[in-house]
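Here is a guided walk through one structure, written with the geometric cut-offs spelled out along the way. Keep the viewer open and follow each residue as it comes up.

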Amino acid sequence: MESKIFDDYGIEIIRRSGKFFLRTDSGEMASRPIEAEISMEDALLAQRGSQSAYDIIIKYDKMGLFKNA
């Protein structure tokens, strides 16, 4: 089961099967939804503000963990 626990700053944080996922758009000209599994700590941090959300997006993007949602 999937439940949305946060939706702001251009991100959604989803809880699915006890794991946390960050969903956002790809930011390309033909944007598409992408998501990455994130830690609970990063899920909490991303909710603090737009800069924190951006930092988490960059962190997981640099690790190459985003996939099409």
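Lys-59 and Asp-42 form a salt bridge, with their closest N and O atoms 2.8 Å apart; the term stands for a side-chain nitrogen of Lys or Arg within 4 Å of a carboxyl oxygen of Asp or Glu. The pair links distant parts of the chain, since Lys-59 belongs to helix 2 (residues 50-62) and Asp-42 to helix 1 (residues 40-46), 17 residues apart. Helices here are DSSP runs of H or I with at least four residues, strands are runs of E with at least two, and both are numbered from the N terminus. Asp-42 is buried, with a relative accessible area of 7%, whereas Lys-59 is partly exposed at 38%. For these words, buried means under 20% relative accessible area, exposed means over 50%, and partly exposed is in between, using a 1.4 Å probe and protein chains only.

A word on where the numbers come from: this is a predicted model, in which local features need pLDDT of at least 70 and side-chain atom pairs count only at pLDDT 80 or more, while totals for chains, interfaces and linings use all residues. Residues are numbered from 1 along each chain as its sequence is written, and side-chain values use heavy atoms, with hydrogens and water left out.

How many salt bridges does a search of the whole structure find? There are nine. One of them joins Glu-28 to Arg-32, with the closest N and O atoms 2.9 Å apart. Both partners are partly exposed: Glu-28 has a relative accessibility of 45%, and Arg-32 has 33%. Another joins Lys-4 to Asp-7 at 3.4 Å between the closest N and O atoms. Lys-4 is partly exposed at 48%, and Asp-7 is partly exposed with a value of 48%.

Five strands make up an open sheet in the order 1-2-3-4-5, with antiparallel pairing; two strands pair if DSSP finds at least two bridges between them. Strand 1 (2-8) and strand 5 (67-68) stand at the edges with a single partner strand each, so one side of each has no neighbour in the sheet.

Ile-13 has Leu-22 of strand 3 as its bridge partner. Strand 3 is in turn joined to strand 4 (residues 33-38) by six bridges, again antiparallel, and here Phe-21 stands opposite Glu-37. Two antiparallel bridges then connect strand 4 with strand 5, where Ile-34 stands opposite Asn-68.

The charged end of Arg-16 sits over the Phe-21 ring, 4.2 Å from the ring centre. The criterion is that NZ of Lys or CZ of Arg lies within 6 Å of the ring centre and within 35 degrees of the ring normal.

The loops hold some backbone angles to look at. Most residues other than glycine have a negative phi. Tyr-9, in the loop between strand 1 and strand 2, has a positive phi near 55°. Ser-17 has a positive phi of about 55° too, although it is not a glycine; this residue lies in the loop between strand 2 and strand 3 and is exposed at 62%.

Tyr-9 also takes part in the one aromatic pair of the structure. Rings of Phe, Tyr and Trp (its six-membered ring) pair if their centres lie within 6.5 Å; planes under 30 degrees apart count as stacked, over 60 as edge-to-face, and the rest as tilted. The ring centres of Phe-6 and Tyr-9 are 5.7 Å apart with planes at 40°, so this pair is tilted. Phe-6 is buried at 15%, while Tyr-9 is partly exposed at 35%.
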